[in-house]
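Please look over the sequence and structure shown here before reading the report.

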Amino acid sequence: MEQVRTRSFPRAGFLGNPSDGYFGKTLSFAFADYCVDLTLTESAKMRFIPGEVDDAMFDSPESLVRDLRLYGYYGGIRMLKAVAKLFFEYCFEHDIKLPRRNFTAEYRTNIPRLVGLSGSSAICSAMLKALCKFYEVPIGEGGIPMDYTPTICLEAEKLELGINCGFQDRVIQMYGGLVFMDFRKDYVEANNKGIYEELDPKLLKNVYVAFDPNRAEESGKAHKKVRRLFEEKKPDILSAMSEFASIAQRGRDILVSCKEGDNLHIKLADLVNANFDLRDKIFTVAEENRRMVMTARSAGASAKFAGSGGAIVGTFEDEAQFAALSKALAKIGCTTFIPTIGTRDLESADLIKGKHTAWRNS
């Protein structure tokens, strides 16, 4: 085996987030308009080649300080190493025999950085997929169970690297498509994973994603205060997380029970807006991020954060409303597009022409 190539897509938390880190429920989709592309090439020794988030050149002292605060001292390479470590440990512990070979790991990404689209976890999930291919370890029977692969990615970031994160991003990036996730506490604590239901991506219609490339910030920052209050069992925080989960459940139920002629847009729009309004009550939302949501709503669309800020997701009624939405968001510096749902069969396809921004080369 000379080389394997894998790909992971960014994700949008459509409903329920941020309750995935608080034993809640979420509904998320991956989209193939951007991606992390990762290759493992057989080599004499293991090598990890620096990529975009492994910068060693800075424009100023301020940019160096900001970069290290956001990424740490080892950028993307630390993620590749952490996933590799846990992959090998899992195989050793479960007596999975591996071929005697080494690799050179190299990645490139065009996922917008630090706008809540999970670019860092895409590096981790792409690496795990590549390791499974390179070492001929099945994902499923006889290898690593599919529903446990996100746990390996999560533990690589959370336990190995100390990054504050939840299951959702790694689940959708390993499964692809559209997934409903249930992280009920008793199940997660007993099994170290959630319950994942793959839904037909075709059910999700008239959805858009928008992001502001200048809104980059550390996603874990927003969760620190809420995490502390959650652990202190503050009633308003516990109630909010329960309501986030309920919103995701209702969204899932609407999608799977919808019939031809149902006004799906209105039903989902109400949930999308309610999700953001609830978040706005318990989190400190930056005014620039709130402006994105309110601008989208002023054009008639629904809107909420796709992650922790910097990107939004929502629904629109028709082409005319999407055009008005795109125009309004462009005035405040946002890129808006109708996402191509990133199913697993697209992970091996050629890049979608005309939709990707330029690659950030390693």
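The following report covers confidence, a helix pair and a sheet.

This is a predicted model, in which local features need pLDDT of at least 70 and side-chain atom pairs count only at pLDDT 80 or more, while totals for chains, interfaces and linings use all residues. Residues are numbered from 1 along each chain as its sequence is written, and side-chain values use heavy atoms, with hydrogens and water left out.

The chain averages a pLDDT of 89, and 91% of the residues score at least 70, pLDDT being the predictor's confidence in each residue, from 0 to 100. Over residues 351-362, however, the pLDDT is below 50. Where pLDDT is low, the predicted coordinates should not be read in detail.

The axes of helices α3 and α5 come within 9 Å and cross at roughly 45°, where axes are lines fitted to C-alpha atoms, for helices over the stretch in contact, and angles run from 0 to 180 degrees between N-to-C directions. Helices (H or I, at least four residues) and strands (E, at least two) are DSSP runs, numbered from the N terminus. α3 and α5 are therefore oblique to each other, since angles under 35 degrees count as roughly parallel, over 145 as roughly antiparallel, 65 to 115 as roughly perpendicular and the rest as oblique.

| Helix | Residues |
|---|---|
| α3 | residues 119-134 |
| α5 | residues 168-175 |

An open sheet is formed by 4 strands in the order β10-β11-β9-β12, with antiparallel pairing; two strands pair if DSSP finds at least two bridges between them. Within this sheet, β9 (residues 207-211) and β11 (residues 311-315) pair over 5 bridges.

Conventions:
Contact = heavy atoms within 4.5 Å.
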